[in-house]
Amino acid sequence: MPSSKHYVQMLQRDYIKRLIREFAEALRRMLDQKEVTKRRESIRQLYEQYLGPYNLYHFATIDELMLTIQSYPEDERLERLAMLAELYYAEADTEASASDREVLLQKAFNLFEYLERESGVYSMERRGKMAELMKQLSK
């Protein structure tokens, strides 16, 4: 019979996996929306539901984000950063201002780069997004 500590760790891993699946599905539904104002509102809701206050995460610098993410349990931090990177990536497409769009693209790239370095997991999808972000940022 597994120890209670092992059982708690299993429950935490299951929770994180479920959270990631829910987030991915919610993100897919948001991306299916064609109207920009609806997409923006959905993005705000995703920030609030999966990370915290929209204004905090939307306007924070990368250094501030890295400090804020410390409030999550250590085994959730990389997944939360991945969610945030995906939100920045998606949100950039809804920005009318070129400078706001560039800031979000840069934040997304920085987080994907951090995840690439720290996760220990090779992801072709993440690498593809990073390549696309580099193209967009070099325009």
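# Getting to know this predicted model

Q: Is glutamate 116 buried or exposed?
A: Glutamate 116 has a relative accessibility of 18%. The structure you see is a predicted model, and in this work a residue counts as buried when the value is under 20%. Since 18% falls on that side of the cut-off, glutamate 116 counts as buried.

Q: Which residue does the side chain of glutamate 116 meet in a salt bridge?
A: Let's follow the side chain of glutamate 116 to its partner, with the N to O distance at 2.8 Å. The pair links distant parts of the chain, ten residues apart, with glutamate 116 in helix H6 and its partner in helix H7. That partner is arginine 126.

Q: Is arginine 126 buried or exposed?
A: The relative accessible area of arginine 126 is 12%. The cut-off for buried is under 20%, so with 12% arginine 126 is buried.

Q: Which helix gives the most to the lining of the largest pocket?
A: Four helices each supply at least two residues of this lining: H1 (4–32), H5 (77–92), H6 (98–118) and H7 (124–137). The one that gives the most supplies five residues, and that helix is H5.

Q: How many residues of the lining of the largest pocket are nonpolar?
A: The lining can be sorted by residue type. Two of its residues are polar and five are charged, while the number of nonpolar ones is ten.

Q: How many salt bridges does a search of the whole structure find?
A: Side chains of opposite charge can pair when their charged atoms come close. Over the whole structure, the number of salt bridges found is twelve.

Q: Where do arginine 28 and glutamate 25 both lie?
A: These two residues are three apart, which is about one turn of the helix that holds them. Arginine 28 counts as partly exposed at 40% relative accessibility, and glutamate 25 counts as partly exposed at 32%. Both lie in helix H1.

Q: Which residues do salt bridges that share partners join into one network?
A: Let's start with another salt bridge, between arginine 117 and glutamate 118, whose closest N and O atoms are 3.8 Å apart. Here arginine 117 is exposed, with a relative accessible area of 54%, whereas glutamate 118 is partly exposed at 43%. Elsewhere, salt bridges that share partners make one network of Glu25, Arg28, Arg29 and Asp32.

Q: How far apart in space are glutamate 132 and phenylalanine 109, C-alpha to C-alpha?
A: Glutamate 132 is found in helix H7, where it counts as partly exposed at 29% relative accessibility. Glutamate 132 and phenylalanine 109 are 23 residues apart in sequence. From C-alpha to C-alpha, they are separated in space by 9.4 Å.

Q: What distance separates the C-alpha atoms of lysine 139 and glutamate 102?
A: Lysine 139 has its place in the segment after H7. With a relative accessible area of 82%, lysine 139 is exposed. Along the chain, lysine 139 and glutamate 102 are 37 residues apart, and their C-alpha atoms are separated by 10.0 Å.

Q: What distance separates the C-alpha atoms of glutamine 136 and threonine 68?
A: Glutamine 136 lies in helix H7 and is buried, with a relative accessible area of 15%. Glutamine 136 and threonine 68 are 68 residues apart along the chain. The distance between their C-alpha atoms is 27 Å.

Terms used
Residues are numbered from 1 along each chain as its sequence is written. This is a predicted model: local features need pLDDT of at least 70, side-chain atom pairs count only at pLDDT 80 or more; totals for chains, interfaces and linings use all residues. Side-chain values use heavy atoms; hydrogens and water are left out. Ala, Val, Leu, Ile, Met, Phe, Trp, Tyr, Cys and Pro count as nonpolar, Asp, Glu, Lys and Arg as charged, and the others, Gly among them, as polar. Buried means under 20% relative accessible area, exposed over 50%, partly exposed in between (1.4 Å probe, protein chains only). A salt bridge is a side-chain nitrogen of Lys or Arg within 4 Å of a carboxyl oxygen of Asp or Glu.
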